[in-house]
Amino acid sequence: MRGLMQSWPLTVPSVIDHAARWHGEREMVTRTVEGAIHRTNYAELHERARKLAQALRRLGVGKGQVVGTLAWNTHRHFEAWYAIMGAGGVCHTLNPRLFAEQLVYIINHAEDRIILLDTSFVAILESIQTQLPNVAAYVLLTDRAHMPDTTLSNTLCYEELIAAEDGNCDWTPVDEDDACGLCYTSGTTGNPKGVVYSHRSNVIHGLAVNCADGIGARSVDNVLPIVPMFHANAWGLVFAGPMAGCKLVMPGARLDGENVCELLTGERVSVTAAVPTVWMMLLQYLEKTGATLPHLKRVIIGGSAVPRVMLEKFERDYGVEVVHAWGMTELSPVGTLASFKSGMENLSFDERMDIKVKQGRPIYSVEMKVTDDAGVDLPHDGKAFGHLLVRGPAIAGAYLKGEGGQILDEEGWFDTGDVATIDELGFMQITDRAKDVIKSGGEWISSIEIENLAVGHPQVQEAAVIGVAHPKWDERPLLIVVLAPGTTPTREEILAYLEGKIAKWWMPDDVAFVAEIPHTATGKIQKLTLRKQFETYKLPTA
Ligand code: AMP
């Protein structure tokens with residue numbers, strides 16, 4: 001027997017339709033690229049997205065056409081997403097932190113026809129425009145008064161495009177499985193690969209990620225997505241926010257501690273999300289100024305592992321609940337979130353932190369397992385670590401144009417490239433990227449765990465652990481640290497801090513002090529570069 005419910009395609013425009021109809025007055029606040037604070041609401045955003053969809057159609061955007069965006073989190077970028085997807089197009093988010101040659105590669109590979117960009121990124125595209133033969137027009141996300149002098153050809157003014165339309169149009173009819181979004185993986189080895197989201201996968205992920213044990217944003221919440229729209233879909237908040245009808249606060253270009261603190265307090269933000277480096281800047285600012293977080297209830301942290309010291313500061317010093325999240329571009333992007341289960345209410349502070357440093361439990365729509373090298377499932381005992389595999393309706397089944405070939409095994413599992421444990425209660429913990437794991441005498445050492453402990457040392461600002469060649473053990477860990485300004489702890493002091501916190505054989509064989517640790521365009525430690533830099537490093541134990 002078939003179900004007799006209405007067949008209602010899960011499409012992205014239905015999200016903004018819902019927000020405009022039922023939460024039309026709810027605000028969106030933006031710190032604009034021009035500097036001023038801008039206020040609008042879902043009703044206005046809806047109308048302007050429709051006008052932009054009309055304008056984009058006039059520029060030739062139709063079903064399946066790829067339109068690039070190179071922009072900060074702002075109301076205009078939000079409108080552009082809904083307009084592109086609503087016109088049947090595919091919104092390709094470009095990461096401004098990529099090298100110019102990577103941008104050239106992905107813009108051409110994706111066949112972007114039009115690029116919408118913030119004025120702050122004009123110089124980047126000017127320098128590569130001769131290598132972008134398919135791009136027919138550049139739309140500057142600003143008004144006439146702020147249009148910059150530029151050598152970009154075929155530039156259009158965003159506000160003029162919108163002003164010329166009446167908004168009297170329907171969204172382009174699409175199938176829920178049609179493509180609507182595109183984001184390239186970072187590609188630390190080889191070329192970046194395109195992850196193609198569908199209307200259906202975006203809607204499912206938006207619903208799943210905002211469950212009560214997930215991001216948990218309600219209509220009464222004021223939500224600040226600092227995690228950028230240009231990478232990993234702002235963790236789904238651009239869909240989940242309007243679904244829930246919450247106020248969205250868009251931070252624009254200024255993500256330093258002072259500006260973030262001002263938005264958190266000024267806009268009474270209750271829920272926010274960003275990678276650890278953003279929170280490091282905020283916590284440093286709070287410590288320096290004595291400012292507090294009177295309205296903030298929950299902070300979602302992911303993209304890299306949350307150091308325990310950060311978790312404890314938020315929870316103990318500022319009374320803010322931390323939810324640790326893990327995901328990747330291929331997962332739309334969120335896979336797990338660490339929130340408590342029944343029975344954990346009476347745990348001590350330390351026991352609760354032990355749970356929260358883990359990356360958490362899968363949200364509905366994500367299936368997950370860990371396997372050994374032979375593909376055999378490992379037990380959920382919190383100890384056995386192996387390859388982390390996932391499958392689900394908002395998880396990539398292939399990359400754009402078949403790059404990378406077949407990416408699923410015969411049972412449909414996708415290998416995340418991460419190494420993890422899963423404990424008895426289903427909490428997953430990442431120990432490493434598979435290619436970063438340190439193999440010492442045939443056993444694996446988790447670089448992430450040592451890094452997270454090391455940054456708990458008050459004089460360590462940032463830490464990275466890599467494997468360095470060793471004649472007896474194959475590889476041994478080297479701890480690389482950036483010290484807090486004005487401090488000079490010795491190698492012995494730092495190693496003594498780790499003693500007793502990790503197994504003896506995990507203890508780094510040496511400590512190297514550096515001025516800076518290299519990062520990828522998505523803010524992760526660039527281990528490949530570090531390994532090259534320390535290729536010939538001689539460990540004292542060698
Ligand atoms: P990306 O696709 O650029 O978002 O990168 C995804 C990768 O980031 C994952 O495969 C993990 O290696 C890493 N990652 C994301 N979140 C976390 C987390 N909470 N802890 C540790 N690693 C993480």
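**Helix packing and sheet order in a predicted model**

Good morning. Helix H1 passes helix H2 in a left-handed crossing, the near helix being turned anticlockwise from the far one by less than a right angle. This is a predicted model, in which local features need pLDDT of at least 70 and side-chain atom pairs count only at pLDDT 80 or more, while totals for chains, interfaces and linings use all residues. Residues are numbered from 1 along each chain as its sequence is written, and side-chain values use heavy atoms, without hydrogens and water.

H1 covers residues 13-22 and H2 residues 42-58; they pack at about 140 degrees, with axes 8 Å apart. Axes are lines fitted to C-alpha atoms, for helices over the stretch in contact, and angles run from 0 to 180 degrees between N-to-C directions. Ile 16, Asp 17, Ala 19 and Ala 20 of H1 meet Tyr 42, Ala 43 and His 46 of H2, contact meaning heavy atoms within 4.5 Å.

I turn to the sheet. Its 7 strands, in the order S7-S6-S5-S3-S4-S8-S9, form an open sheet with mixed pairing. Pairing requires at least two DSSP bridges between two strands; helices (H or I, at least four residues) and strands (E, at least two) are DSSP runs, numbered from the N terminus. The edge strands are S7 (155-157) and S9 (194-198), each pairing on one side only. S8 (residues 179-184) pairs with S9 in the antiparallel sense over 5 bridges, and Leu 182 stands opposite Val 196 in S9.
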